[in-house]
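Q: Hi! Could you walk me through this model while I have it open? I'll ask things as they come up.

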Amino acid sequence: QVQLVESGGGLVQPGGSPRLSCAASGSTVNINAMGWYRQAPGKERELVALITSVGNTNYPSYADSVKGRFTISRDNAKNTTYLQMNSLKPEDTAVYYCNARNIYYITYWGQGTQVTVSS
């Protein structure tokens, strides 16, 4: 089992730059991908950013809606992934969920953290 704990959400003004963190614990040795998803009210959960690890190399990818504004990173030693969000817009308001996937394609979810972009 893998436990994921997110932090860093809250109320942010438009244009703000918060950073979300996701700490993984438990059976983390086989995790080869971690990502951030979000779900806005009345909408389906969508992938925001993904980081895939091959050996010691991490490969990030992004949804078009956040490309150039968000940056995903992973500290393999700490089993922690981060989502740096810049130039936030009201449409970025959502619950953000951390996700981890292991080499057996078993996925785990965090409890979610609310990000509200409003002045």
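Q: Among contacts between residues at least 6 apart in sequence, how many join residues at least 24 apart?
A: In this chain, 51% of them do. Contact here means heavy atoms within 4.5 Å.

Q: Good. What should I know about the model and its numbering?
A: The model is predicted, so local features need pLDDT of at least 70, side-chain atom pairs count only at pLDDT 80 or more, and totals for chains, interfaces and linings use all residues. Residues are numbered from 1 along each chain as its sequence is written, and side-chain values use heavy atoms, with hydrogens and water left out.

Q: How many helices and strands does the chain have?
A: There are 0 helices and 11 strands. Both are DSSP runs numbered from the N terminus, with helices being H or I of at least four residues and strands being E of at least two.

Q: And what is the radius of gyration?
A: It is 14 Å, close to the 14 Å that the globule rule gives for 119 residues, so the chain is as compact as a globular protein of that length. The radius is taken over C-alpha atoms, and the globule rule is 2.2 Å times the number of residues to the power 0.38. Along its principal axes, the C-alpha trace spans about 40 × 25 × 25 Å.

Q: What share of the residues counts as buried?
A: Of the 119 residues, 43% do. Buried means under 20% relative accessible area, exposed means over 50%, and partly exposed is in between, using a 1.4 Å probe and protein chains only.

Q: Let's go inside. Which residues have the most contacts within the largest nonpolar core?
A: They are L4, M34, W36, F70, L83, M85 and Y96, in a core of 27 residues. β1, β3, β4, β5, β7, β8, β9 and β11 each supply at least two residues of this core, and the largest share, 4 residues, comes from β9. A nonpolar core is a set of buried Ala, Val, Leu, Ile, Met, Phe, Trp, Tyr and Cys residues joined through side-chain atoms within 4.5 Å.

Q: Tell me about F70. Buried or exposed?
A: F70 is buried, with a relative accessible area of 2%. Its place is in strand β7, residues 70–75. Beyond its neighbours within four places in sequence, F70 is in contact with residues including R38, Y62, L83, M85 and Y96.

Q: What does L4 touch?
A: Not counting residues up to four places away in sequence, L4 touches several residues, among them M34, W109, C22 and C98.

Q: Which hand does it have, and why?
A: The disulfide is left-handed, because the torsion about the S-S bond of C22 and C98 is about -85°.

Q: New topic: what is the strand order in the open sheet of 4 strands?
A: The order is β1-β3-β8-β7, with antiparallel pairing. β1 and β7 are the edge strands, each pairing on one side only. Two strands pair if DSSP finds at least two bridges between them. Between β7 and β8 there are 6 bridges, and S73 stands opposite Y82 in β8.

Q: What sits in the loop between β7 and β8?
A: N79 lies there. N79 is buried, with a relative accessible area of 18%, and outside its sequence neighbours within four places it contacts C22, A23, A24, T28 and R74.

Q: Which residues take a positive phi in the hairpins?
A: In the hairpin of β4 and β5, with 6 residues between the strands, G42 has a positive phi near 80°. In the hairpin of β5 and β6, with 2 residues between the strands, G55 has one near 65°.

Q: Last one: where is G10, and what does it contact?
A: G10 is in strand β2, residues 10–12. Leaving aside neighbours within four places in sequence, G10 contacts Q114, V115 and T116. The C-alpha atoms of G10 and Q114 are separated by 5.9 Å, though the two are 104 residues apart along the chain.

Methods:
Disulfide = S-S within 2.5 Å.
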